[in-house]
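Thanks for making the time this morning. I would like to walk through one model slowly, giving each cut-off when its term comes up.

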Amino acid sequence: MPELPEVETIRLTLAGHVIGLGIKRVRVYWPPALCGWEGRDLADIVPGQRIETLGRRGKYVLVNLDGGWTLIAHMRMTGRLYYFPEAHAPEKHTHAVFELDWGELQFTDTRKFGRIQAVPTARLGEVPALRRLGPEPLEQSFTVQVLGERLRPKKVKLKAALLDQSVLAGLGNIYVDEALFVAGLHPERPAAALNDAELVKLHAAIQTVLWAGIESRGTSFRDYRDANGEMGSFQAKLNVYGRAGEPCRQCGRPLARLQLGGRTTVFCPECQG
DNA sequence: ACTAACCTGTAA
DNA sequence: TTACAGGTTAGT
C-alpha cells in the first residue's frame, strides 16, 4: 500500500510521538511479522533501547535505536504503524505491540505481507533489500542526468522500469501512473528511448507528484493510514489512478486501462504520447 | 517478461 | 464465486 509519500507521512507522524522514548517490551501476536538477526529474536533485542531517530529509505521506515540496532519496517500492501498514547487493545490483525516509556507502537497488517526486521546499525549496508535500492527521487543528487542513466540500460517498458525499486526507490503503482500522466508519457514507451526533453519532463513530474503526495499526507485510496490513524487526501487529486473509463481531466476523453507486468495501469491515450 | 507465491477483505 | 487490491521475491 504505502509508497514514498505514505511512508514519509508515517515517519513524520510517528516522529512527533516516539523520538526519545525507550522500548520496554515487545508483545508478539504473529511471529513471522518480525525478523531477528543471526538467531536472536527481535523481541529480545530491542527492549532497553531508546528510539533516537526515524529515517526512510524508499518505502522502508528506519527506526534507529541507541543500543546500536535499527528496525527496518516495510508495510507492503496493508501494513500500518500506529502510535497510541495509552495502552490500547490490539486489533484483529495486530501482529506486534512495542510498549514504550509513554504509550505504545502497534504494527498491524491485514494481509500479513509487511515485516519489521532488527539489524545492527553498523551492518545496515549488508541488508539485501536496502542494497538493491536505487536513488532517492527527492534528494538533490537525483538529477535529470541520473534519471537518464538509470533508465538507459533498461530493456523494459517505462512503467515497469519506474516500478523497479533498483531503478528508483519509492515509486509504486499510484505515483508511477500519476507521474507518467503529468509528464505526458505513454506507459508502454521503451524505458531506454526517452529523449532529453522527455527526461526533463519525467524528472519534474516524479518530483512534483511525490511532493504533492506528501503535502496531502498520502493517498488513502483504501487502507492507508498514518501513525495517528488519519487518512491522507491525495486520492481527491489523482488524475488517472483508479479512474479507468472516467474522463481525462485535461482533454475529457475516457481514460484507458492496461495490464503491465501484472499491474493495472491507467492512462490517457490522448495526452500520453 | 510473465506467473505464482505470500495473505485477507471487499466489491462485482 | 471470482476478480482484484497501494509490494516484493523467486522461479520459470
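Let me begin with how elements are named: helices (H or I, at least four residues) and strands (E, at least two) are DSSP runs, numbered from the N terminus. Just after helix 6, for instance, Gly 184 takes a positive phi of about 70 degrees. Before going further, please keep in mind that this is a predicted model, in which local features need pLDDT of at least 70 and side-chain atom pairs count only at pLDDT 80 or more, while totals for chains, interfaces and linings use all residues. Residues are numbered from 1 along each chain as its sequence is written, chains are lettered from A and ligands numbered from 1 in the order in which they are written, and side-chain values use heavy atoms, with hydrogens and water left out.

Let me stay with helix 6. Of its 11 residues, 10 are buried, where buried means under 20% relative accessible area, exposed over 50%, and partly exposed in between, with a 1.4 Å probe and protein chains only. The buried residues of helix 6 include Asn 173, Asp 177 and Glu 178, and what covers the buried residues includes helix 1, helix 5 (158–163), helix 7 and strand 11 (263–267); the contact rule here is heavy atoms within 4.5 Å.

That brings me to the aromatic rings, of which a search of the whole structure finds 3 pairs. Rings of Phe, Tyr and Trp (its six-membered ring) pair if their centres lie within 6.5 Å, and planes under 30 degrees apart count as stacked, over 60 as edge-to-face and the rest as tilted. Tyr 82 and Phe 84 make an edge-to-face pair, at 5.8 Å centre to centre with 70 degrees between the planes, and both residues are buried. Tyr 175 and Phe 234, by contrast, are stacked, at 5.7 Å and 20 degrees. Tyr 175 is buried at a relative accessible area of 0%, and Phe 234 is buried at 6%.

Helix 7 also holds His 203, which is buried at 11% relative accessible area. Leaving aside residues up to four places away in sequence, His 203 touches Phe 142, Thr 143, Val 144 and Leu 147.

Now to the sheet, where two strands pair if DSSP finds at least two bridges between them. It is an open sheet of 5 strands, in the order 2-9-5-4-3, with mixed pairing, and its edge strands are strand 2 (34–35) and strand 3 (51–57), each pairing on one side only. Strand 5 (residues 69–74) and strand 9 (residues 115–120) run antiparallel and are joined by 6 bridges, with Thr 70 standing opposite Val 119 in strand 9. Strand 3 and strand 4 are likewise antiparallel, with 6 bridges, and Thr 53 has Asn 64 in strand 4 as its bridge partner. In the hairpin of strand 3 and strand 4, which has 2 residues between the strands, Gly 58 takes a positive phi near 60 degrees.

I will stop there and take questions.
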